[in-house]
Amino acid sequence: MKRNVKLWLAGSFLAFALCPPAIADVTERYGELQSVIDAINDPDPLMRLAQLEEILENGNATDVQLAIRTAFTLDDPNVRSLALRAHFAGFRTFVVTAGLPESVKEVLAGSDKDAANNIRNGYLLGLLESLGYKFSFQSEYPSSTELEFKTMLLNDQRQQTEFNGSGNIRGGMVTIATPIFAYNNQRTCSFEFTEYEGFTLKGFGSCNLDGGFLFPVTFHLFDDDKLPLKE
């Protein structure tokens, strides 16, 4: 009996020496995180959707963020839509960055002064410049099970008293519409995001202003835009 106890103790000490608890814990956690990536990359589209739902329901912050980031790398509108809704549910503020279309840049830099002045004197260019080409929003999203969410445009002092804008997530498309007080009138600016580049959403915006035109917009899903996760 004593010999068996000694052998058990010797085996325990050897196992401890070869694989200390801290290393074993790290290895186990690595496997758990890898299983999250594998679950979202499951070849069965229904299975990866079900597994994403389960990960979101379990609520481990690290697992949830890893699952969402992985989901954004897939060309799967259902998984991407659920990931978008879950991600938006965690937002409090976000920024839509606007730019000028190439056609407008060419006119402004070209020799046709009348055409350039028409754009420069247009209300839309003045609005974009006054905002620094950034639309800052506060959002209110009930939960990842909802398609609609509310927004408030923080750039506009007159609009900072209530959530009077709205957003919508269907499939991989995000749309946002917001009222904005400009040139002594209330106008509306709308944004539609349909393209993904890494963790950045890209699309077009428009405002119902004189001299208006479609302009490119981007929205960074994460502050630290990084390359997509690999399997």
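Predicted model: local features only at pLDDT ≥ 70, side-chain atom pairs only at ≥ 80, totals over all residues.
Next I looked at how covered H5 is. Mostly, it turns out: 10 of the 13 residues are buried. Among them are Val79, Leu82, Leu84 and Phe88, but also Arg80, Arg85 and His87. I also checked the start of the helix, where a side-chain oxygen of Asp76 comes within 3.0 Å of the backbone nitrogen of Asn78.

Then the sheet. I traced 8 strands closing into a barrel, in the order E1-E2-E3-E4-E5-E6-E7-E8, with antiparallel pairing. From one strand to the next the twist averages 30 degrees. H5 packs on this sheet and touches E1, E3, E4, E5, E6, E7 and E8. Its direction makes about 150 degrees with that of E4.

E1 (residues 93–98) and E2 (residues 134–140) run antiparallel over 5 bridges. Thr93 stands opposite Gln138 in E2.

Last entry: disulfides. I found 1 in the structure. Cys189 and Cys207 form it, with their sulfur atoms 2.1 Å apart. The link is right-handed, with 110 degrees about the S-S bond. Cys189 is in strand E6 and Cys207 in strand E7, so the pair ties together parts 18 residues apart in sequence. Are these cysteines buried or exposed? Both Cys189 and Cys207 are buried.

Conventions. Residues numbered from 1 in each chain as written. Heavy atoms only, no water. Buried < 20%, exposed > 50% of the residue type's maximum accessible area, 1.4 Å probe, protein only. Helix = DSSP H or I, 4+ residues; strand = E, 2+ residues; numbered from the N terminus. Polar contact = N/O pair within 3.5 Å; in protein donor to acceptor, adjacent residues only side chain to side chain. Pairing = 2+ DSSP bridges. Axes fitted to C-alpha atoms, helices over the stretch in contact; angles between N-to-C directions. Contact = heavy atoms within 4.5 Å. Disulfide = S-S within 2.5 Å.
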